[in-house]
Amino acid sequence: MTKTHKIALLPGDGVGPEVIAVARDVLDAVSAQTGARFSYSAHLIGGAAIDASGDPLPQTTLAGCLESDGVLLGAVGGPKWDRASVRPEAGLLAVRKALGLFANIRPLRVEAALAEHSPLKTEIVEDVDLVIVRELTGGAYYGDKRRFSDSASDLCIYSTGEIERVARVAFELARARYGKVTSVDKANVMETSRLWRETVTRMHVESYADVKLEHVLVDAMAMHLVKRPRDFDVVLTENMFGDILSDEASMLAGSIGLAPSASLGVSKPGLFEPIHGSAPDIAGRDLANPVGTVLSAAMMLRYTLGLTKEADAVEAAVSDAINRGARTADLGGSFGCREMGDAIIKELHAAALPPGHRMPMHWG
């Protein structure tokens, strides 16, 4: 009997419900074409959850996530809650912690048809294919926070174990790709970065000598990403640096709306989400780009559900739709969110499942 995969949907705020609706339609199209079976449960998170219950991550939402095989999230936050005592983003941080998610994977491939839409010259961005692996549980985001009358502090702390487990993901991923890891830190200033560099270097020597390793300071990396992005394969970095660099890298392809992500742990369900924000200025207007969410759903198919060919089919359908001219407003086109989803589904129905021709991104 074919297994039914349980998917928890967290639409969230702003454009989140719109892009999640499109991703669900794409998954339903995958089901109709391949026989893969999905069941869905929808739950509140972020600002929508605060409005309903005062809690950005209600216990019912967490329970739904823990009972699922994969979690697909839209977006959280917005100016409505900027002055609230509890922020919507607290729900996102809390669900990552509760699910034990320590590695955030953000791939970036620049489609040839979109290279001209990049803010950088075409010759710089064409053929870019890199992945940023960001640590999710440590650093200043989770350290002790204090506020005084005229000062404030955020404690940045990392343990060797936290560094080892995310570095292992990066090294294994590089083995399945082009064999190179670029570890990003600020070892010339920060003690946590010195520990980071020492730990990554030791792991390279002991277990991953077949993978090329280089260390780059974060400020230099910010420059290199816009000057020579083709030189990078797997970029490994701590929490805050990865948050900043991955948003910078997303613009190489022309729009942050194209970028997916996967947050993974050891055994609990992964969390998959586009890296764009809630975009409240266009919410409810059918203007959002759903590609990042659709590609996040493809990552869920691959990493959590084990449906590799189905993931390949979704990624190929997105590429084919773009190459045939489907463009949302952020890419200079006229397609609405729903119309872009329909274009992807049309390509999905038109093509047979590919034989796994795309380079996989596995590490074990």
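Reader: In which hand does helix 1 pass helix 12?

Author: The crossing of helix 1 past helix 12 is right-handed. A crossing has this hand if the near helix is turned clockwise from the far one by less than a right angle, and is left-handed if the turn is anticlockwise. Helices (H or I, at least four residues) and strands (E, at least two) are DSSP runs, numbered from the N terminus. The model is predicted: local features need pLDDT of at least 70, side-chain atom pairs count only at pLDDT 80 or more, and totals for chains, interfaces and linings use all residues. Residues are numbered from 1 along each chain as its sequence is written, and side-chain values use heavy atoms, with hydrogens and water left out.

Reader: At what angle do helix 1 and helix 12 pack, and how far apart are their axes?

Author: Two packed helices are described by the angle between their axes and the distance between the axes. Helix 1 (residues 16-34) and helix 12 (residues 337-350) have axes 10 Å apart, at an angle of about 15 degrees. Helix 1 is therefore roughly parallel to helix 12. Axes are lines fitted to C-alpha atoms, for helices over the stretch in contact, and angles run from 0 to 180 degrees between N-to-C directions. Angles under 35 degrees count as roughly parallel, over 145 as roughly antiparallel, 65 to 115 as roughly perpendicular and the rest as oblique.

Reader: Which residues of helix 1 and helix 12 meet?

Author: Contact means heavy atoms within 4.5 Å. From helix 1 come Glu-18, Val-19, Ala-21, Val-22, Asp-25, Val-26, Ala-29, Val-30 and Gln-33, and they meet Cys-337, Arg-338, Gly-341, Ile-344, Ile-345, Leu-348 and His-349 of helix 12. By class, the residues of this contact are ten nonpolar, three polar and three charged. Here Ala, Val, Leu, Ile, Met, Phe, Trp, Tyr, Cys and Pro count as nonpolar, Asp, Glu, Lys and Arg as charged, and the others, Gly among them, as polar.

Reader: How do the axes of helix 1 and helix 10 lie, by distance and angle?

Author: These axes come within 8 Å and cross at roughly 45 degrees, so helix 1 and helix 10 are oblique to each other. Their crossing is right-handed. Helix 1 contributes Val-19, Ile-20, Val-22, Ala-23, Val-26 and Leu-27 to the contact, and helix 10 contributes Thr-293, Val-294, Ala-297, Met-300 and Leu-301. The contact of helix 1 with helix 10 has ten nonpolar residues, one polar and no charged residues.

Reader: At what angle do helix 10 and helix 11 pack?

Author: Helix 10 (residues 291-303) and helix 11 (residues 308-323) pack at about 160 degrees, with axes 7 Å apart. Helix 10 is therefore roughly antiparallel to helix 11, and the crossing is left-handed. On the side of helix 10 the contact includes Val-291, Leu-295 and Arg-302, and on the side of helix 11 it includes Thr-308, Asp-312 and Val-318. Eight nonpolar, one polar and four charged residues make up the contact of helix 10 with helix 11.

Reader: How many aromatic pairs does a search of the whole structure find?

Author: A pair of aromatic rings is described by the distance of the centres and the angle of the planes. The search finds two aromatic pairs. Rings of Phe, Tyr and Trp (its six-membered ring) pair if their centres lie within 6.5 Å; planes under 30 degrees apart count as stacked, over 60 as edge-to-face and the rest as tilted. Tyr-158 and Trp-196 form an edge-to-face pair, 5.6 Å centre to centre with 75 degrees between the planes. Tyr-158 lies in the loop between strand 7 (152-154) and helix 6 (160-176) and Trp-196 in helix 7 (residues 191-207), so this pair ties together parts that are 38 residues apart in sequence. Tyr-158 is buried, at 8% relative accessible area, and Trp-196 is buried at 2%. Buried means under 20% relative accessible area, exposed over 50%, and partly exposed in between (1.4 Å probe, protein chains only).

Reader: Is the pair of Phe-171 and Tyr-208 stacked or edge-to-face?

Author: Phe-171 and Tyr-208 are stacked, at 4.6 Å centre to centre and 10 degrees between the planes. Phe-171 lies in helix 6 and Tyr-208 in the loop between helix 7 and strand 9 (212-217), so the pair ties together parts that are 37 residues apart in sequence. Phe-171 is buried, with a relative accessible area of 0%, and Tyr-208 is buried at 4%.

Reader: Where is Asp-286 found?

Author: Asp-286 is in the loop between strand 12 (270-272) and helix 10. Asp-286 has a positive phi of about 60 degrees although it is not a glycine, and it counts as partly exposed at 35% relative accessibility.
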